Amino acid sequence: MTITEWFRRHGVEIHNEQLLVEAFTHTSYANEHHTGYDNERLEFMGDAVLQLWSSKEIYPLKPALSEGEMTRLRSRLVREETLAAYARRIGLNQMLRLGSGEEKSGGRMKDTICGDMFEAVLGALYLDSGWDTVDRWLTAIMKPDIVHPSESNAFKDYKSLLQEYVQTDSRRNVRYELVKEVGPSNAPQFTMNAVVDNLVMGTGVGPSKKQAEENAARDAFEKMVR
């Protein structure tokens, strides 16, 4: 399936497919295949588009948010990890063009690569089809998380990401082990290990076992897909 066909299936008509090809071209692929282009310029454009769109959607929320609250919500929505989660959820990362080394190292799942690619796609859609197309696209993907940010399922936690990554091979498993607990009962500090296939892949510290597990999962995930 071509990029144009994929977007047509998702309700977007592409006029200049080359723009979208560039949006999915990582620097590793560009360097390896000497394409003369990658997605960094489109990422710049997409970042500006996303900032404006998210601001437009956040401003009218009721009850009205303060400037600081709007800024924090926008930062949460447009951060790298969030955009990468959107990209993986709708399958954009499957169209990434990566160099062989980056592919082998799990680049198709990396937050940095997926988040940058998501912005590049927005830049390409804006240049190809204009604001209305971008608005429809982002409304379908992101709007529910702006209307009900506390109920968002887009901001996927690292325990979920690690579990999904590990389960790409059904023979693998992940578990969490308590390493130690220190401090008084009213201010404890937990250290947890994320164990994958009986190997300690990550360690995290937190004021609760849940937070320590999340930090351990992030440590493990970033190491495994680096």
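Which strands does helix α11 (residues 209–224) lie across? The legends below take up this question and others for a predicted model.

**View 1. Helix α11 on the sheet.** Helix α11 lies across β1, β2 and β3. Its direction runs at about 135° to β3.

**View 2. The open sheet of three strands**. The strand order is β1-β2-β3, and the pairing is antiparallel. β1 (174–182) and β3 (199–206) are the edge strands; each has a single partner strand, so one side of each lacks a neighbour in the sheet. On average, neighbouring strands are turned by 25° against each other, direction ignored.

**View 3. Pairing of β2 with β3.** Strand β2 covers residues 189–196 and pairs with β3 in the antiparallel sense. Seven bridges join the two strands. Valine 196 is placed opposite leucine 199 in β3.

**View 4. Helix α10 against the sheet.** Helix α10 spans residues 158–166 and packs on the sheet, where it touches β1 and β2. The direction of α10 makes about 140° with that of β1.

**View 5. Helices α5 and α6.** Two packed helices are described by the angle between their axes and the distance between the axes. For α5 (residues 67–78) and α6 (residues 80–90), the axes come within 5 Å and cross at roughly 45°. The two helices are therefore oblique to each other.

**View 6. Residues in the contact of α5 with α6.** From α5, Arg76, Leu77 and Val78 take part; they meet Glu80, Thr82, Leu83 and Tyr86 in α6. By class, this contact has four nonpolar, one polar and two charged residues.

Technical notes: Residues numbered from 1 in each chain as written. Predicted model: local features only at pLDDT ≥ 70, side-chain atom pairs only at ≥ 80, totals over all residues. Heavy atoms only, no water. Pairing = 2+ DSSP bridges. Helix = DSSP H or I, 4+ residues; strand = E, 2+ residues; numbered from the N terminus. Axes fitted to C-alpha atoms, helices over the stretch in contact; angles between N-to-C directions. Contact = heavy atoms within 4.5 Å. Parallel < 35°, antiparallel > 145°, perpendicular 65-115°, else oblique. Nonpolar A, V, L, I, M, F, W, Y, C, P; charged D, E, K, R; others polar.
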